[in-house]
Amino acid sequence: FMMNVLVTGGAGYIGSHVVKELLKRDYLVVTLDNLSKGHRDAVTGGVFVQGDCGDSVLVGELVKQYRINAVVHLAADSLVGESMTRPDKYCRNNLSNGVEFLTALVQAGVRQFILSSTAAVYGEPEYTPIDEAHTTRPINVYGGTKLMLEQILNWYEQAFGLRYVALRYFNAAGADPEGNIGEDHDPETHLIPLIMQAALGKRDKITIYGTDYPTPDGTCLRDYIHVSDLAVAHILALQALEAGAASAVYNLGNERGHSVREVVDAVRRVTGQDFTVEEGPHREGDPAVLVASSRKIKECLNWQPRYGELEDIIRTAWAWHSSHPGGYPKNKPGR
Ligand code: UDP
């Protein structure tokens with residue numbers, strides 16, 4: 001018995017890596033993505049459907065047609081800064097559409113669900129490393145919508161028997177080691193791809209957002225996790241649900257903080273390229289330190305990172321960026 005998995009947001013950065021790991025293990029994969037951000041060429045196999053996860057009729061049809069029995073839900077808007085100025089957009093796309101989607105799924109008989117969640121549910125850390133028992137007081141709308149979805153899942157579990165795993169990602173980075181999929185956002189806001197662009201000469205400089213944080217070198221510490229390690233965690237979560245495991249929430253990070261300066265230096269070292277780095281003010285909503293405890297997922301699901309070193313993450317990112325300097329081809333209408 002094999003699971004047939006519907007992946008929303010499967011054309012996005014993390015989603016495309018999840019799809020690839022599922023395909024490696026011969027799952028039947030149906031990707032549902034509206035291509036508002038994703039790339040058709042990032043989906044390396046399975047069935048691709050362009051559409052909205054909030055389209056209940058479409059979702060019901062897909063579940064029936066492909067005998068879907070598990071869902072990985074990554075479709076969402078995910079920019080912290082934008083979420084603060086466009087709460088309406090985040091509440092509609094992440095929350096309203098998320099609830100429509102969940103409701104269509106339970107009506108169609110789906111009872112296994114993986115939610116792509118985020119470290120942003122915690123807000124300003126009260127202690128570090130952050131474990132899953134840490135209080136959840138999001139300080140941005142993005143984190144707020146993800147936390148609300150987690151809570152709704154809990155109610156749906158009680159009422160409808162839906163079992164779920166929520167994966168709270170820390171900083172996803174890197175690219176699949178085979179080199180055919182990677183990170184391509186427009187506009188790009190994430191640190192590692194921005195530095196890659198600078199190293200490729202596609203951007204004249206990068207700016208460090210804040211150098212007076214209470215950290216050893218004054219720049220923010222983040223927990224970078226390789227996107228393929230993240231993707232494998234989704235497989236383990238699906239297998240656990242398939243085996244009858246109870247619902248759970250897991251952090252996903254490498255349990256180590258790297259400063260912005262350390263990342264810049266590591267990119268210089270790995271790529272051999274030099275580029276201009278300037279120091280700028282804080283970016284709103286950025287906590288000084290975000291480092292995960294991933295003990296729970298290691299113990300419960302036997303998850304182990306394969307690319308835990310920052311250099312591995314940067315090397316795989318560089319392999320993709322340097323071989324795809326223009327990113328993915330633009331989506332063609334009608335595909
Ligand atoms: N950052 C930076 N300059 C940039 C982009 C990001 O200094 O041009 C910092 C940012 O303040 C944060 C870290 O890099 O401390 C990671 O930011 P990113 O946007 O990649 O991920 P986030 O932590 O927001 O999920």
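Q: In what order do the three strands of the open sheet lie, and what is the pairing?
A: Strands of a sheet pair through backbone hydrogen bonds, either parallel or antiparallel. A note on the source comes before the case: this is a predicted model, in which local features need pLDDT of at least 70 and side-chain atom pairs count only at pLDDT 80 or more, while totals for chains, interfaces and linings use all residues. Residues are numbered from 1 along each chain as its sequence is written. The three strands form an open sheet in the order β12-β9-β14, with mixed pairing; strands (E, at least two residues) and helices (H or I, at least four) are DSSP runs numbered from the N terminus, and two strands pair if DSSP finds at least two bridges between them. At the edges are β12 (258-259) and β14 (289-290), each of which pairs on one side only.

Q: In which sense do β9 and β14 pair, and over how many bridges?
A: Strand β9 (residues 221-222) pairs with β14 in the parallel sense over two bridges, and the bridge partner of Arg222 in β14 is Leu290.

Q: What is the order of the open sheet of seven strands?
A: The order is β3-β2-β1-β4-β5-β6-β11, and the pairing is parallel. Its edge strands are β3 and β11 (248-252), each pairing on one side only. Neighbouring strands of this sheet are turned by 20 degrees against each other on average, direction ignored. Within it, strand β1 (residues 4-8) and strand β4 (residues 70-73) run parallel and are joined by four bridges, with Leu6 standing opposite Val71 in β4.

Q: How should I read the crossing of α1 and α7, and at what angle do the axes cross?
A: Two packed helices are described by the angle between their axes and the distance between the axes. Here the axes of helix α1 (residues 13-24) and helix α7 (residues 227-242) come within 8 Å and cross at roughly 60 degrees, where axes are lines fitted to C-alpha atoms, for helices over the stretch in contact, and angles run from 0 to 180 degrees between N-to-C directions. The two helices are therefore oblique to each other, given that angles under 35 degrees count as roughly parallel, over 145 as roughly antiparallel, 65 to 115 as roughly perpendicular and the rest as oblique.

Q: Which residues of α1 and α7 make the contact?
A: Residues are in contact if their C-beta atoms, placed from the backbone, lie within 7 Å. Those of α1 include Tyr13, Ile14 and His17, and those of α7 include Val227, Ser228 and Leu230. The contact residues divide into nine nonpolar, three polar and two charged (Ala, Val, Leu, Ile, Met, Phe, Trp, Tyr, Cys and Pro are nonpolar, Asp, Glu, Lys and Arg charged, and the others, Gly among them, polar).

Q: Which residues does each cis peptide bond join?
A: One joins Thr128 and Pro129, with omega about -5 degrees, and Pro129 lies in the loop between β5 (112-118) and α5 (141-160). Another joins Asp186 and Pro187, with omega about 0 degrees, and Pro187 lies in the loop between β7 (171-173) and α6 (191-199).

Q: What is the phi of Leu35, and where does Leu35 lie?
A: Leu35 is not a glycine, yet its phi is positive, about 60 degrees; Leu35 lies in the loop between β2 (28-33) and β3 (47-50).

Terms used:
Two residues are in contact if their C-beta atoms, placed from the backbone, lie within 7 Å.
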